[in-house]
Amino acid sequence: MTLTAADVDRIIALLDASHFDRLSLEIGDLKLDLARSGAAPAAPKPVPVAMPEPVVVPPPAAPVVREAGLIEAKSPLLGIYYRAPRPGEPPFVEVGARVEPESIIGIIEVMKLMNTARAGVSGEVVEIVARNGELVEHGEVLLLVRPDR
Amino acid sequence: MARCCCSCGRIADAVGIGRLFIANRGEIAVRIIRTCRALGIETVLGVSEADRGSLGAQMADRVLCLGPAQPSLSYLRVETVVQAALGSSCDAIHPGYGFLSERADLARLCEAEGVIFIGPTADQIEAVGDKLRARAAAVEAGVPVIPGGAAASSEEARALAEIIGVPILVKAAGGGGGRGMKLVETAEDLGAIMDMASAEAEAAFGDARVYLERYVATGRHIEVQVLGDGAGRVVHLGERDCSVQRRYQKLIEETPAPHLPAATRAAMHEAAVRFAARLSYRGAGTVEFLYDTPRDAFYFLEMNARIQVEHPVTEAVTGIDLIAEQIAIAEGQRLRFTQAEVACEGAAIECRINAEDPERDFAPSPGIVAAVRWPSGDGVRVDSHIVDGARIPPFYDSMIAKVIAHGPSRAAALARLRTALGETRIEGVATNLAFQQTVLADPDFATGGVDTGFLGRFLEAAKVAG
C-alpha cells in the first residue's frame, strides 16, 4: 500500500477540518503521523523500561529551537531524572555524544516506576541541563542538542 | 497517640506543615494558597500544561507541571502527584475537591510515603465512598436512611420493592453526587432497569453492586459540615441548603437552611456528628441529607470526605477558616474549639458562576476572559481564579467563581448577593451570571426553602414564557 501526495493532502485536510491536534495512521508497514503546528508530535513516544506493563506516556512538547540553533530535549513526564541506568554505571549520554531520535538520554522515575526519556532529535549533545537525581517537571529541559545539518 | 504534657492542644507527635503541595486547580487552588499565606506555609502547585499561566500558578511559591491538559494525564495521576510532592520536599498534600480528593489510593500512598494527606484516612474514604457501606454505617449510628437496601438479584429486588413501594431509585454502590442513579416508576420495569443500572455501574465505577431506595419526590438537599480530629471527637458547623440544583449540580447554596423546624435542624446536626464520630472521622467532611418537607423527616444520603465547593457560606457565618482547620487537624492538633464555641451569625448565600451558556442548554463555553470585574462591598466575598485575560480550558469543570454574600438576615444576604451579581462583569465567554440573577429574583427563592425540583420547574416556566 502506498500513499500519493494527493492522498496525504486529503488526509491533512481532514485533520485540518477536525478539532483534533494529531493524527496517527497505520496501514500495514506504512505509518503516517500528522500534527498541527504547536501540537506535540506523535513521536517519539517514551517507552518505559523495567516495568511489568507498558505505561502510556504522552510525548513531550515539541522541541523548541533556541537562538543558537540548539534543540531542547525535554522530559516527557514529571519525575526524578537519572542520567544512568543504575547508580555507578556510566550515563546514557555525555556531552559530545551523538544521539538519534530514539536514543535513551535518561530515566524518569515516578514512584519507583522507571520510564525512559529519549532524545527526539539527531545530533550532538552540547549540554546536560537537568541534574541527576533531582525532580524534573513535565516538559523540563534535560539536555541541549546541536542538530545535524 | 500521646497528648502533649501541657494544655497547648497539640498532640505530642504533632508535626508542623511548612510546605504544602496543592493537587488541584482553579478557584480552590487559589483559596488554599490564601490560607497558606496567612499561616506562613509555602505552597507548591501542581499544574497541567493548560494551567501554567493560571492565577494559582502566579500565586504559588513554586509550580510544577504534572503533565498535559487532559486530567487523566496530569491532575488524576496519583503517583505523579505524590512524586511531585516528595521531589519538592512538601510535608503534605491538599487535594481540594474533585480530582483525587476522595481517592483512597492517594491517601494510602501518602500514608506509605510519610506525606501528610489533608483529609481522612484511606479507610475512611473507602467506608464513605462505598454508598452501601455508608448506608449500613448510618443505620448503625442510628441515623435515618431512606427505606430500601441492597438487592443482589432481581428476586430480592422485587421483594424489597413490595415493601418500599414505587417509585424507586436504583443507585450504584460506587456512585454518588447524583451519578449512577435510575428511577423506576412502575414495578414491572424494576428488573430491566436494575440490570441496566448494574451494567452501567460496572462500566462507570468498576462496581456492579446496586441498591434500592424509595424515591422521595419533593425533597430538599441539606448537608451538615463536620470536623473530626480522628480520635472520635467531632463538631458540626451548622448546615447548608443546596436544593437549587440542575441535574444534581448545585448552583446556589446557603446557610442556615430556611424555615427548617429548630428540632429538625438540631436532630440533623446531631445525626451528622454521630455518623462521623462512629467512623472516628478525621478532617473536614459533609454529611448530606434528603429532607422530606411534607413529612418533616430527613434521611442520610452520603458523606463527602473532603472540603466542599460551598464551604464559604459556613465560613461566613461561623468566622472559621475551614482550610486552616483542615491543616491543623492534619498536623495532628486536636479540634481547636468546642461545639459550644461554634456560633453561627446571620445568613450567607453562595452563587456559582459557571462558564456555560444557558441559551445553549448550559453547554460549556471555554475561552479567554477578555475582562472581568468582580463585586466587592460589605459581606461580599468572591472565590475565583479568573482575572483579565484568564483562560478557561475546555478540559475541566466550568465553574469559574463563587460569589458569596453574608448579612445579618437571609433577606439582607440575598439583597447583597443580588447587588453583587449586578456589579459583576465577565466579558469574552458566556456565563450563567444573568441566569443566576433571574433565579435569585424568583419570589419562591426569596421566600426560601425550595426543594430540588425548583430549578427544573423554573426552567420549564421560563421556556413556556420565552
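Me: Two residues are in contact if their C-beta atoms, placed from the backbone, lie within 7 Å; how many residues does the contact take from chain A and from chain B?

Reply: The contact takes 12 residues from chain A and 14 residues from chain B. This is a predicted model, in which local features need pLDDT of at least 70 and side-chain atom pairs count only at pLDDT 80 or more, while totals for chains, interfaces and linings use all residues. Residues are numbered from 1 along each chain as its sequence is written, and chains are lettered from A and ligands numbered from 1 in the order in which they are written.

Me: What classes of residue make up the side of chain A that touches chain B?

Reply: That side of chain A has eight nonpolar, three polar and one charged residues, where Ala, Val, Leu, Ile, Met, Phe, Trp, Tyr, Cys and Pro count as nonpolar, Asp, Glu, Lys and Arg as charged, and the others, Gly among them, as polar.

Me: Why does Ser398(B) count as buried?

Reply: A residue is buried if 20 or more other C-beta atoms, placed from the backbone, lie within 10 Å of its own, exposed if 12 or fewer, and partly exposed in between. Ser398(B) has 21 C-beta neighbours inside 10 Å and therefore counts as buried. Ser398(B) lies in the loop between β21 (391-392) and β22 (399-407) of chain B, and, leaving aside residues up to four places away in sequence, Ser398(B) touches Asn354(B), Ala355(B), Glu356(B) and Pro364(B).

Me: Why is strand β2 of chain B described as largely enclosed by the rest of the structure?

Reply: Strands (E, at least two residues) and helices (H or I, at least four) are DSSP runs, numbered from the N terminus. In strand β2 (residues 42-48) of chain B, six of the seven residues are buried, so the strand is largely enclosed by the rest of the structure.

Me: How much of chain A counts as buried, and which elements does chain A contain?

Reply: Of its 149 residues, 30% count as buried, and chain A has one helix and 10 strands.
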